[in-house]
Amino acid sequence: MHEISIAKGILSRALDAASEHGADRIDALTIEIGRATHVNPEQMVFCLEAIADSTPAAEAKIRTETIQPRAECDCGWEGAPESLDLPGGFAPDIRCPDCGQRADLVQGRECRLASIEIPDVSHDDKPPARRADEVRGSPS
């Protein structure tokens with residue numbers, strides 16, 4: 001279960017972003033998880049909920065968005081790979097459906113904090129709550 005270590009990094013980034021914007025709580029987190037990461041979204045949510053206890057993100061709604069894989073080939077083909085076979089458990093062996101050569105996975109390996117929602121900050125000396133590396137304000 002490598003989701004716990006990934007969740008710790010995501011939570012740390014979310015807490016840093018909230019602090020940078022003067023927020024004392026996080027209302028929601030959105031996590032983008034590429035299908036080629038083989039990270040289980042339900043386990044990711046479970047891990048985030050478990051480690052967020054006693055933090056400003058303790059009551060945050062956690063959303064996940066699945067990023068579908070896309071591949072490109074030197075022959076010019078671009079599209080969704082038919083499968084994500086992992087020979088040896090490492091890099092997916094994606095073959096171009098047009099020429100049969102190995103294609104490069106260009107999307108679908110993401111696992112990142114896409115956004116947080118925090119209460120609007122009314123202090124003049126604090127930056128406005130907004131998407132900054134995807135930080136969103138929400139009603140207090």
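## A tour from Thr55 to the cysteines

Select Thr55 first: leaving out residues up to four places away in sequence, Thr55 touches Leu11 and Leu15, where contact means heavy atoms within 4.5 Å. This is a predicted model, in which local features need pLDDT of at least 70, side-chain atom pairs count only at pLDDT 80 or more, and totals for chains, interfaces and linings use all residues. Residues are numbered from 1 along each chain as its sequence is written, and side-chain values use heavy atoms, with hydrogens and water left out.

Thr55 sits in the loop between α2 and β2 (61-67). Helices (H or I, at least four residues) and strands (E, at least two) are DSSP runs, numbered from the N terminus. Now show Ala52 as well: its backbone oxygen lies 2.5 Å from a polar atom of the Thr55 side chain.

Next, select α1 (3-20). The 18 residues of α1 should span 26 Å at 1.5 Å a residue, and its end C-alpha atoms are 25 Å apart, which agrees; the expected span is 1.5 Å times one less than the number of residues. Colour Glu3, Ala7, Ile10, Leu11, Ala14, Ala17 and Ala18, the buried residues of α1. Buried means under 20% relative accessible area, exposed over 50%, and partly exposed in between (1.4 Å probe, protein chains only). Look down the axis of α1: the buried residues fall within an arc of 125°, so they line one face of the helix. The arc is that of the directions from the helix axis to the C-beta atoms. Lys8 and Ser19, on the other side of α1, are exposed. After α1 comes Gly22, with a positive phi near 70°.

Select Leu48 now. Apart from neighbours within four places in sequence, Leu48 is in contact with Ala7, Ile10, Leu11, Ile31 and Ile62. Leu48 is also one of the residues that touch the most other members of the largest nonpolar core, which has 23 residues. Such a core is a set of buried Ala, Val, Leu, Ile, Met, Phe, Trp, Tyr and Cys residues joined through side-chain atoms within 4.5 Å. Two or more residues each come from α1, β1 (28-34), α2 (41-52) and β6 (111-119). The largest share, six residues, is from α1. Another core, of nine residues, lies apart from this one and includes Ala71, Cys73, Ile94 and Leu105.

Cys111 counts as partly exposed, at 24% relative accessibility.

How values were computed: A polar contact is a pair of N or O atoms within 3.5 Å; within protein, one must be able to donate a hydrogen and the other to accept it, and residues adjacent in sequence count only if both atoms are side-chain atoms.
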